Every structure is written in C-alpha cells, then in structure tokens.
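Biologist: I'd like to learn how to read a structure like this one. Can you walk me through some features?

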Amino acid sequence: MVHRLLLFTLILLATKHAGAADIWVATTGSDRNAGTAEKPLATVAAALRQARDLRRLHDPAVQGGVHIWVRGGEYRLVEPLFLRPEDSGTATSPTIIEATPGEQPVFSGGAPVLGWRKETGKRPGLPAAAQGQVWVAPVPLLGGRALAFRQLWVNGRKAVRARSPNHDNLPRLTAWDVDQQQASVPAAAVGALRQVNQLEMVLHQMWAVAVLRVKTLAVQGNQARFTFQQPESRVQFEHPWPRPILNGKNGSSAFYLTNAIELLDQPGEWFYDVSRGQIIYWPRPGEAMGIAKVVAPALETLVQVSGSLDQPVAHVQFRGLSFAYTTWLRPSEKGHVPIQAGLFMLDGYSLKNPGTPDKKDLENQAWIGRPPAAVVVAGASHTRFERCRFLHLASAGLDFESGTHDDAVVGCTFRDIAGNGIQVGRFSDPGTETHLPYQPTDEREICTNEQLENNLLTDCGNEDWGCVGIAAGYVRGITIRHNEVAQMPYTGISLGWGWTKTANVMRDNRVQANYIHHYAQHTYDVAGVYTLSAQLGTVISENRIEDIGRAAYVHDPEHWFYLYLDEGSSHITVQDNWCPTEKFLANANGPGNVWKNNGPMVSDAIKQAAGLEPAYRDLRNGLATK
C-alpha cells in the first residue's frame, strides 16, 4: 500500500511539471467535481468535455497537451464514447487518455447478470443430465426492455451457447436443395429436437461459416430437413462462394446446432429462454454462482473516433486501457452469410451470363456489409493505441474504417474476440459490387501509412471461423510488423480485397517479421499470410509461419498454405519468409510477383527475430498460445 501511495505521489509531481493539462477520472469520482487528482471526474466523456473547453478557450494549460488520467476499475458505458474533431490535439499538444500507472481501467459495454438461483424443479426440454444442475437468473433490463445478446461471460471466461455436438466430430450434410432452399442432415444429429423456436445452424463452408436461423425442422426416417429464415436463406442458397460441399474430397460440409434448451447438456453451457425472460446456465466446476461475476454484452461499439476528410480527429492517444464486452445482434436478426474474412453478404448470386465491367469471365456478384468493432476510427490521423487490451468482444476489436492516416497500434493485446482482431481500410461499400477495384475520386478516403506493430492477437474469430487476426482491405503504405498472431480459425494476416488484377489504390504495403502460428484451426483455403489483388510495391518478408490446424471437417485437407497469393495478386515481393516446408500457392495471379528464398532454408536469425520484440514479450504473460 505504501508503495502504491508513493507511486501515486510521484505521478502527481511529474504531471505538475509536464506542461500538460491533467484531468483525472475515477470510478469513485463525480462529474460535478473539478477533475483534479483529489476530486476526479466519474467519466471520460466528462473529461473530454472539459478538455474540449480548455482548447476552445485557448487556455495556456494545454500548451503541452491534455492528459486524461484514468484510475483503475470498470467504467460501464451506456453509449459509445464519442471523440470529435474538437477533441483533436496537435503534434506538440496531443490529447492523451491513459491508465494511471499500475492500474487497469476497463471500458465495458456489458451489463451484470444478477439474481442467480439454483433451479429446483424440472425444466421442460432440459436434458436429463442437466436437470438439477442448472442455475437461473432474470434477463437484465436495459431502458425498461429485456436485453438481447448472443454471448455470456462468467468470471471473465466465455460460456458456451448451448450446442450439439460439444466436440469437433461434427455431423455432415446429406443433401442441399437449392430450388427448395432446404438442407438435409442425419436425423441422429438433431436428437430430441422438434421445436425450432430460437434454433440456429452454424454451417461450415470452405473458408467461412454461415449462421442460419432455423425456420422449420421435419424428421422423416433417418433424415431431418431444415429450412431457414429470410433474408439469409435466399443469400445462402443463391451465392456460389464459399459454398457448402457435398461428397467432396473430405466428405460433405460439417455443421452444428445451437441455441436450444434441448442442447444444454454439459457444464459451461447456457441458454437464453426468451419466453420466460431467463438465462439458464450449468456452472463449470469451481464456479460459485452466488458470487460469480456474470456479464452479458449490451453495447456494440465502445469508442467512436469520428471526424471527416475536411475536419479529421487528430493527435489523440489511448494508452493502457481495456475495451471489453461488446455485442452484435445482426446474426440473430438477419443471419450471417460471409463471403470472406467476416465480411457478410447483403446480396449475392451467380450470373447466368458471366462478365462484369472489370472481369469478363466473373460468374458471380456480391454486395457486402462490414462487421462492427469495439473501437471504430474514421476520418482521423495520428491516433495511437498503445498497450491497450481488446477482449471479450462479439465482433471485431479495432477498426480503421476509412479516411485515416499515420495512425499506430503498438503493444496491444487482442484476445477472446468473436470476429477479426483488427480491421483496416475499405473493403467494399454496401452499394458497390465487391469485385470492383476501389479508386475513390478523393484519395484522402484511403487508409494510408498505418502502423500495426508488436501486438499480440490470439483467440480471434472464436465464433466466426472465417475471421482473421488482421484484415487489411484497400490500404496503402500499411506496415504490419513484429506482431504475434496465434490460435486463429482461418488466416493469420489477410492483405487486400477485390479479386482483381486491375490497378487500384493498394501499393507499398509491408508485412514483415511477424510470427504466425496455430492458424487454420477450423477452415482451409488458407495461409499464414494471404493476399488479394494488385498491390504495386508490396513486400512480404522475414515472417515466421508454422503450426497449421488439422480440423477433421475441412473441405480439402491439403488446401492449406504458409503463403498464398490469391486471385489478382500482382506486383508483390515475397522474400526471406521462414516456414517448415515450401508449401505456397499462387492462384490466378497478375504480373510482377517475385518469390525469393522462402522456406526452411531461411536463416535462423530471421526466424528467431520474428514476432514480438523483447520490450513487448511480456504481452504473452498469462496467455496460452499452444
């Protein structure tokens, strides 16, 4: 305790001489306070308002910047923290939002689940093994309404939405009727299920999974037939890529069923009973529900940095903060049918007569949506995220959407994320067909000169198995270096979009000295580093890639790679990357690619230098990446 008081005193003394305006925030504070260390504010939103006024009034205190110090504890947000152009700093007077040294503030979008009691009576539909084992709590109310959610965390560990099977020996499709929009599976796979209600099918299809809300279920003999809700049924049965497989190299596409009380049959599983407004949970060993911290996510986005091309947000920094507990409800409302890397189709279908303005032989079209993120940055420059943590998130972690440049993400941790860890750059706007090259009239739209360095990304895509650690779309001059990317369901780092050889905004990108391992845990047509489309002057070098996943249900057991230049990839140099064997793919590439010295012959010095640099290896502490 004495040591902490001494540290706090030293911080106060240091900040008084730092030439910056210091504003303090604490969970025990009040927004009526002055924002001093002794009388802190309660919210960062109030601190930003105070900082905004200081800058607006040209207070001389801001000459060296504005420093918002955030004490440890959980800050529950009821709306996103919004940063505007008026919150901008300058190169010599930045706006910094920082954790007090030695403390861990958490910006949370979650709602506590309280009032747990052990179920004593018999619960209809609950499997016999779970009767007498489950605990029940009322669904939290938000604004007077029952909160909807798809995730639940108990003591910081994600619980499993009731599913079957509980293992990786997944059942397979037996038929796929496009005309009737109907799927057939073995009757044994549905067990005692007969009422569909909230039931969903998660369908594995090549390099992605689809979430399909079940409309009808009919069991006849040894077969069960499913139909699905709209709009996902139409998109799922009309789009050609990625598609379900029947009788392929590794059999037919796998699936599992989820979100039914009949599937809650082991510890760690939960079910949201909408009809009763209750959450049902079977605790894991050691979980005492009377004192457990149970969180349901309520907010989709925690922080929104939002400027414009003419008035960007600039020189704002986030240091040592945690962003946790977000939701994403679109799959519950419209299903989820991704095309790749978590980008979902709004529409997609085969063309009877192939050909588009960019590709004369293209046989399909699609229009896509972008999954949300916990922290979203758009119309901004010179922002910096340093030593932050992104965890327990229902979609992506951090997203630089468009109109950003010269930003940095350094020494951050991305863990327990349902979607992509980091998203950068435009992919396709909803109104633009996704195979068309991106060439905006105003090049300020392009995400340019972004730096992603010395970050640890692990256990991303743990619900959407087609997601990746880092998803970079149409970017220019991005540097992705010295990151460690592990435990990914699909690709580690995906660079590019569009499947086109046509010149576009992408050029001069760098993917260097990253350590990518234990990827492709669920889906194939995959690589440690994967590219799409023309990217003049792009270099992929000195990366270390190893330890491929071996899921039994992948569509083609040999269709995995360490390095993969996919459709349209052009003018890319791939050099000095270490991997155990020379297993690479160049598919439908354009001109100008150079492959040089990749494989086990690469020097041990390059191999050992890849990944987190020494000053950031502490990020691994307490994380399992085996």
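Predicted model: local features only at pLDDT ≥ 70, side-chain atom pairs only at ≥ 80, totals over all residues.

Biologist: What percentage of the residues in the chain is buried?

Modeller: Buried means under 20% relative accessible area, exposed means over 50%, and partly exposed is in between (1.4 Å probe, protein chains only). Of the 626 residues here, 59% are buried.

Biologist: And what is the secondary structure of the chain?

Modeller: Helices (H or I, at least four residues) and strands (E, at least two) are DSSP runs, numbered from the N terminus. This chain has five helices and 57 strands. Its radius of gyration is 25 Å, close to the 25 Å that the globule rule gives for 626 residues, so the chain is as compact as a globular protein of that length. That radius is taken over C-alpha atoms, and the rule is 2.2 Å times the number of residues to the power 0.38.

Biologist: Which strands pair with β32?

Modeller: Two strands pair if DSSP finds at least two bridges between them. Strand β25 (residues 303-306) pairs with β32 in the parallel sense over four bridges, and V305 stands opposite V377 in β32. Strand β36 (residues 396-400) also pairs with β32 in the parallel sense over four bridges; there, V376 faces D399 in β36.

Biologist: Is β32 mostly covered or mostly open?

Modeller: Mostly covered: six of the six residues in β32 (residues 373-378) are buried.

Biologist: Now the backbone. Where are the cis peptide bonds you'd show me?

Modeller: One runs from S164 to P165, with omega near 0°, and P165 sits in the loop between β15 (163-164) and β16 (175-177). Another joins W241 and P242, with omega about -15°.

Biologist: What about phi of A341?

Modeller: Phi of A341 is near 50°, a positive value in a residue other than glycine. A341 is buried, at 3% relative accessible area, in the loop between β29 (338-340) and β30 (343-350).

Definitions and conventions: Residues numbered from 1 in each chain as written. Heavy atoms only, no water.
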